[in-house]
Amino acid sequence: MCYILVPMRLAGLFLIFGAYLLAQPPIPHYDVHRATSPILVDGKPDDKAWGAAGRLELIFPWEAQTGAKQKTTARLLWDDDNLYVSYECEDTDIVAQYAEHDDPTYKDDAVEIFINPRPSQTGVYIGLEMNVLAVLYDYVMYDSKNLFKQFDLRGVKLATHIEGTLNARGDKDKGWSLEVAIPWSNFDALAKRPIPGTVWSANINRWDGVEPNRRMSNWSDPVQPNPNPHVPSRFGQLMFVQ
Ligand SMILES: [Ca+2]
Ligand SMILES: [Ca+2]
């Protein structure tokens, strides 16, 4: 009897696991184009080069969150020196408190990028969490639970631009934008510098609002029961192209 039951149980497990895999939303893909002209990192992604970059839009995976669903788009570019990321955030109430490097900027209005330069592994990636005051919280994440904030990226340029009034709660703001340039040398321990065709993985996130009404949005759905973006197996694909 056991000889029949065991294969039946195994078949059942495969069916359940297969259904689970099918239920996962697809991993998004983004072509990172080369910047064909200089980018001035002033927080305003209106440089000519940005015109060639596709625009990705963040989604809202957790319906139970009570913060407003405010639109965020992001674009990426690269050149010989840097990876460039820009964010444009619609926001009717722009709020931030943290002003020192490596402060918990994710508690403010903030955007993030988690970068895995070697997608064949998911143990290590580099996180940047940047608030509307252009304060950077940067770290190495190990096994999605050990966060080394003592790690500091070198040579990052970061700026924001606000259309509205920071920390004035009674009025209605329009939004804010952010530009960051990250030198390739920061990733040398993990991967060779990208060439056309190289694929890295990343997730792009936003924390928005003030407790108790906060909301997280993401490029790739981390598929977690509660808001948690630290799932490198769910990062989207960044393909570097000419
Ligand atoms: Ca600019
Ligand atoms: Ca740090």
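These are my notebook entries on a predicted model of one protein.

**Conventions.** I number residues from 1 along each chain as its sequence is written, and chains are lettered from A and ligands numbered from 1 in the order in which they are written.

**Overall build.** I looked up the secondary structure and found one helix and 13 strands. Helices (H or I, at least four residues) and strands (E, at least two) are DSSP runs numbered from the N terminus. The order from the N terminus is α-β-β-β-β-β-β-β-β-β-β-β-β-β. The radius of gyration, taken over C-alpha atoms, is 20 Å, close to the 18 Å of the globule rule for 242 residues, so the protein is as compact as a globular protein of that length. That rule is 2.2 Å times the number of residues to the power 0.38. I read the span of the C-alpha trace along its principal axes as about 70 × 45 × 35 Å.

**Burial and contacts.** I call a residue buried if 20 or more other C-beta atoms lie within 10 Å of its own, exposed if 12 or fewer, and partly exposed in between, with C-beta atoms placed from the backbone. By this rule 34% of the 242 residues count as buried. Two residues are in contact if their C-beta atoms, placed from the backbone, lie within 7 Å. Of the contacts with a separation of 6 or more, 63% are between residues 24 or more positions apart.

**Nonpolar core.** I defined a core as a set of buried Ala, Val, Leu, Ile, Met, Phe, Trp, Tyr and Cys residues joined through C-beta atoms within 7 Å. The largest one has 46 residues, and those with the most contacts inside it are L76, Y84, V85 and A202. At least two core residues come from each of β1 (29–34), β3 (72–78), β4 (82–90), β5 (110–116), β6 (124–131), β7, β10 (175–183) and β11. I then listed the contacts of Y84, leaving aside neighbours within four places in sequence: A35, I39, L76, L77, W78 and A181.

Strands pair if DSSP finds at least two bridges between them. β5 and β6 run antiparallel and are joined by six bridges, with V111 opposite M130 in β6. β6 and β7 are also antiparallel, over seven bridges, and V124 has Y142 in β7 as its bridge partner. Four residues lie between the strands of the β6 and β7 hairpin, where A134 takes a positive phi near 65 degrees.

**Backbone exceptions.** I recorded a cis peptide bond between E211 and P212, with omega about 5 degrees. P212 is in the loop between β11 (199–210) and β12 (213–218). S144, not a glycine, has a positive phi near 60 degrees, and lies in the loop between β7 (136–142) and β8 (146–148). S144 counts as partly exposed because it has 16 C-beta neighbours inside 10 Å. V223 likewise has a positive phi, about 55 degrees, in the loop between β12 and β13 (236–240).

**F240.** I placed F240 in strand β13. With 19 other C-beta atoms within 10 Å, F240 is partly exposed. Not counting residues up to four places away in sequence, F240 touches V32, W78, P194, I195, P196 and T198.

Conventions
This is a predicted model: local features need pLDDT of at least 70, side-chain atom pairs count only at pLDDT 80 or more; totals for chains, interfaces and linings use all residues.
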